Amino acid sequence: MPRLFTGLAVPPAVADALKVYQGGLPGARWIEPGDFHVTLRFLGDVEVTVADDVVEALAEMRVRPPLTVTLDGLGIFGGDRPRALYAAVVADPALTDLQAEQERLVRRAGVEPERRKFTPHVTLARLRRDATPEATAMYLSQAPVFAPLAFAVDRVTLFSARDSTGGGPYVAEADFPFA
């Protein structure tokens, strides 16, 4: 069964700019810059027949103009049990609409509804148990100033991931252009 998700690929120039934030955090497993993306919908391990239905459904995405994704700071998921360091994506109605359409399309293809709230971000590191709240707070307070980074996207990519902790490397299985 493939492990799939839809997302927006981060262009190489933006990925290179994000590399400056990688390093100096004990317990971090840094994501390869070539694997940076904004997840729209995690599908998980799906049967091949469902994967085929997902591809068909995504091909029916409505036409839309390119959108701009802006990254504006660093954050940590997990609170008292930090689990990921990320670059935050600025809220944008066009991005929220795109994600909602992804949800509708994959549910129509037979994927279970997503239970988590959509929080757009680019994961920079997965954190092991030895990444303490104190260490992550110290990292955030000493990280370089985050200058906003923006990039245009004109397609959704269906990615596959290895069955492993952290998933990468990711493989682009199909692209679905906006127009």
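Two rings of Phe, Tyr or Trp form a pair here if their centres lie within 6.5 Å. With that in hand, here are the close-ups of this predicted model.

**View A. Phe5, Phe159 and Tyr170 form a ring cluster.** Ring pairs join these three residues, Phe5, Phe159 and Tyr170, into a cluster. Across the model, the count comes to 5 aromatic pairs. Phe5 and Tyr170 are both buried.

**View B. Phe77 and Tyr86 make a stacked pair.** Here the ring centres of Phe77 and Tyr86 are 4.2 Å apart, and the angle between the planes is 25°. Are these two residues buried or exposed? Buried means under 20% relative accessible area. Phe77 has a relative accessible area of 19%, so Phe77 counts as buried. Tyr86 is buried too, because its relative accessibility is 14%.

**View C. Arg64 places its charge over a ring.** Look for the ring of Phe178: the charged end of Arg64 sits over this ring, 5.9 Å from its centre.

View D. Helix 2 spans residues 48–58, and its buried residues are Ala51, Val54, Ala57 and Leu58. These residues lie on the same side of helix 2 because they cover an arc of only 120° around the axis. As a reminder, an α-helix has 3.6 residues a turn, so residues three or four places apart point the same way. On the face turned away from the buried side of helix 2, you will find the exposed residues Val48, Thr49 and Glu56. What do the buried residues of helix 2 pack against? Their partners are strand 1, strand 3 (37–45), helix 3, strand 8 (155–161) and strand 9.

**View E. Gln102 is a buried residue of helix 3.** Gln102 lies in helix 3, which runs over residues 93–108. Its relative accessibility is 0%, so Gln102 counts as buried. Which residues does Gln102 contact, leaving aside its neighbours within four places in sequence? They are Thr6, Leu40, Arg41, Leu58, Met61 and Val156. One of these contacts, Leu58, is also among the buried residues of helix 2 shown in View D.

Technical notes. Residues numbered from 1 in each chain as written. Predicted model: local features only at pLDDT ≥ 70, side-chain atom pairs only at ≥ 80, totals over all residues. Heavy atoms only, no water. Helix = DSSP H or I, 4+ residues; strand = E, 2+ residues; numbered from the N terminus. Buried < 20%, exposed > 50% of the residue type's maximum accessible area, 1.4 Å probe, protein only. Contact = heavy atoms within 4.5 Å. Phe/Tyr/Trp six-rings, centres within 6.5 Å; stacked < 30°, edge-to-face > 60°. Lys NZ or Arg CZ within 6 Å of the ring centre and 35° of its normal. Arc of directions from axis to C-beta.
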